[in-house]
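Open the model in your viewer and keep the selection panel at hand. The stops below go from whole chains down to single pairs of residues.

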Amino acid sequence: MSSNLRWRKFVSGFMLTMTGVCALVAVSVLFFILGYLVFHGGTSISWNFFTKLPAPVGEGGGGMANAIVGSAKLLLLASLIGVPVGFFGAIYLAEFGGGATTFVVRYAADLLNGVPSIVIGIFAYGLVVLPFKHFSTLAGGFALGLMMIPVTLRSTEEFLRGVPRALREAAMALGASKWKTVATVIVPAAYRGILTAVLLAFARVAGETAPLLFTAFGNRFWSPGWDQPTSSLPVMIFTYAIAPYEDWHRQAWAAGLVLLGLILVINIVARAILARGIAVPRS
Amino acid sequence: MREGDEIARLITFLFAASVVLVTLLLVFELWQGSVLPRHKFGFNFFRTSVWDPIFDQFGALPFIYGTLVTAGVALVIAVPLGIGAAIFLAELAPARVSDTLEFFIDLLAAVPSVIYGLLGVFIVVPLMREYIQPALKNTLGFLPLFQGPVYGVGLLTAGIVLAIMVIPYIISVSREVLLSVPRDQREAALSLGSTHWESTWKVVVPFARGGIMGSIFLALARALGETMAVTMVIGNAPVISASLFSPGDSIASVIANQFTEATGDLYLQSLIELGLVLFLITFILNGLARLLIVVTSQKGSAMSNA
Amino acid sequence: MKRIAGILLITIAFAGVLWADNALLINGAGATFPYPIYSKWFAEYHKANGAIEINYLSVGSGAGIKQVTDGTVDFGATDGPMNDDQLKAYRDKHGAPILHFPTVLGAAVPTYNIPGVTTSLNFTPDALAGIFLGRISKWNDPAIANANKGVNLPANDIIVIHRSEGSGTTYIWTDYLSKVSTDWKDKVGKGTAVNWPVGLGGKGNEGVTGLIKQTPNAIGYVELIYAVQNKIPYGAVRNAAGEFVRADLAGVSAAAAAASKTMPEDFRVSITNAPGKGVYPISSFTWLLIPGKFSDATKRDAIKGFVTWMLADGQNYAETLSYAKLPKEVVDRELKAISKIQ
């Protein structure tokens, strides 16, 4: 073997090993994050955390019960806004749309998707908070819902389009009208993909903090109804993490663990659903 | 079409149209909401570095600087690591291993910003302050980049946290693009006597170059718009300094900090103008990214069908 | 599995809506300076008056002023009184005035984290101005060392920490510096958000304290209780009478003594660098910003009830949290002023 070849082989082996190292570093970050959260958060999770309201500054024993419920309400509202718009909008694009309108809607969705979350917060503040003169769960849910729309829309559209022609043609041949075909044949066929899209969009906004800063604002008590400010897990993590109180730091870790746990579980479930494959065999 | 179809068409059209409407409204609000500083400062907004609410002087330069520098640092770290990992996943790893690792990388992409901020504050900042920054100062301190007091928080720290956040994007998109490079490209190179690395680096990667660039743009767009993790570790000082140890501020971070208290229309609208600027930059980057990725994948599939 | 999760989520959400009481929720936001005592007050008041929940968010005086002007919160709080322009803006917007009600007296103290130094340092006005102007950059600078003979000050870089958002504590600090240093007055001025020559920004008194705790060689300004609760050393400041005074209840009360006799009708007054012996020079009142006119009578009455309570029972919580009680003259005047809330 010539020495040139030996060198090149050495370089090859070396560089390829380096790429393996890169991959290892990247993946180990995830486990590192999880490990740290479990360690610090796990030791701080207590019954108080889930059931108590925040305590006055400097006193221990408080919890994040209102933040957990607040986040649940915000996400419920976000889904009520984001999912229908994304779902029905996607049906339009996949089944009824033509040329120009499809292009415009897709373009708008992509634009909306790329808007930084803090800018969505500015928009929701001007549109919902100022006119109603209230920080509110409604404003926060609206901001998060906006962020759910593009992901739901584009993914649903793709999955709808992915349903085989044969199915549609068969339904039409049997005399079904277009909307019946969509409702009873196509959507059920694409349902796994659509559910995955919705779950992923949900997981994405579950962790969003920036848009809530000037919409849901915050609340040390329970937030009644939908038109009052509300506490939420991500905002509490932020507030407690930058403060100097040890007790608050512990609660921030616990909240981080709960939040990340929720998001990861949703992601894993979503991918598992998709991995089971499309319900209908391809022709 | 039957009558039921007409109604269905109308209803779904309304939903689709609402997306367009809301997006237009957003852009309009940003534009209208920044009218005062646009008229008062014009393009000087981007050249002035004074941010003084008392004397009503607002210049965006420190925030643009902070945003670009932290994103730049993030890319310098994330791009080599990300492409390296993608190459490993696409070329070397057996399919099972590649898919499993990709699964974990996708999970990393799902971690919310505030959690990165949490880890940044309690782990990265002390690490930087106690070990990394002093080490850099001792070894590379002759460069203006690594001079000045060691705060722990600052541009470098924010850049590092951002790097961790954007690596998954680079990896997953690059991996897909690399996988779509047709087999014959590799095989041709190997048959001509190149080593595995050479065929990868000199043939496959250049072929996928467009898509990889696209992944970098995507990562950049995310890094520029990141708010929470950055604001927790960047130091929140609207200054421009050559040193990476210096605190700074980014557009998203200053909006998050000062929006709820900007008294006076000029102040508030200057923050909105910053939001508009950020929006425009990320919009352009996202568009370019998508273009590059689509074109590259199509090139790949076109050639393998030929 | 997903069904269960979905049902659980919806149940939690609706439960949150339904059982979340018929209590009256009042929202306020503003200063972080008095937050420890405000959070105590509102919690205690809720215990005594279960039907009233006062939700106060500590986001900084700047935000307090803005949000109450925008009408997105029911009341605000600030340690930097609203200036005439801001008062006018409020009046123009709401057709009624905004009223300042002092609540307690507090002190802004210079806190620091210097390796090896656990004692209380003495700071001259020039030293403080120089540090925050960026002119004095090392801890062993003569301007600091000369007032602290016998203390081993290291030759380390000083890391200045200020506020990243609009802050009443900043107002108090810069108000003081403007009075004692013409350089500061010309270059930076006073306000809730200024163009700081040097330093890092922390969010809220909480964020600044957090940063100081973690950053060696740091110095910042926080309300006294934050330094005390977190056990970080704070220094003494030389007052107008030439004494080095460390912030405490007596020093703060002394600062307010003269001013309370000549208190203007709208209660806006600055007591920094007050003359007299034993005065702590960086003291200040802190105010609630209460609208002069409420459209909701139940909210108005609830707030009036709270202010009355605050001026009586509430004052008893102040000293344990290192805030000084309001002088009697001020309390009496405020009780009369409550009737201005319509």
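**A tour of the chains and their contacts**

Over all chains, the count of salt bridges by the rule used here comes to 34, a salt bridge being a side-chain nitrogen of Lys or Arg within 4 Å of a carboxyl oxygen of Asp or Glu. This is a predicted model, in which local features need pLDDT of at least 70 and side-chain atom pairs count only at pLDDT 80 or more, while totals for chains, interfaces and linings use all residues. Residues are numbered from 1 along each chain as its sequence is written, chains are lettered from A and ligands numbered from 1 in the order in which they are written, and side-chain values use heavy atoms, with hydrogens and water left out.

**Stop 1: chain B**

Select chain B. It has twelve helices and two strands; these are DSSP runs, numbered from the N terminus, with helices being H or I of at least four residues and strands E of at least two. Along the sequence, the pattern is α-α-β-β-α-α-α-α-α-α-α-α-α-α. The C-alpha atoms of chain B fill a box of roughly 75 × 70 × 35 Å, taken along the principal axes.

**Stop 2: chain A against chain B**

The rule finds three salt bridges across the interface of chain A and chain B.

**Stop 3**

Axes are lines fitted to C-alpha atoms, for helices over the stretch in contact, and angles run from 0 to 180 degrees between N-to-C directions.

**Stop 4: α11(A) and α4(B)**

Move to helix α11 (residues 246-275) of chain A and helix α4 (residues 95-110) of chain B, whose axes come within 10 Å and cross at roughly 135°. That makes α11(A) oblique to α4(B). Show I263(A), L264(A), N267(A), I268(A) and R271(A), which meet F103(B), D106(B), L107(B) and A110(B). Which residue forms a salt bridge with R271(A)? The partner is D106(B), and the closest N and O atoms are 3.5 Å apart.

**Stop 5: chain B against chain C**

The area buried is about 2000 Å², of which carbon and sulfur atoms give 54%. I54(B), Y151(B) and E261(B) supply 25% of the area that chain B buries against chain C, more than any other three residues. Across this interface the rule finds zero salt bridges.

**Stop 6: inside chain C**

Finally, select E44(C) and K47(C), which form a salt bridge with the closest N and O atoms 3.1 Å apart. Both lie in helix α2 (residues 35-48) of chain C, three residues apart, about one turn of the helix.

Conventions: Parallel < 35°, antiparallel > 145°, perpendicular 65-115°, else oblique. Contact = heavy atoms within 4.5 Å. Buried area = accessible area lost by both parts, 1.4 Å probe.
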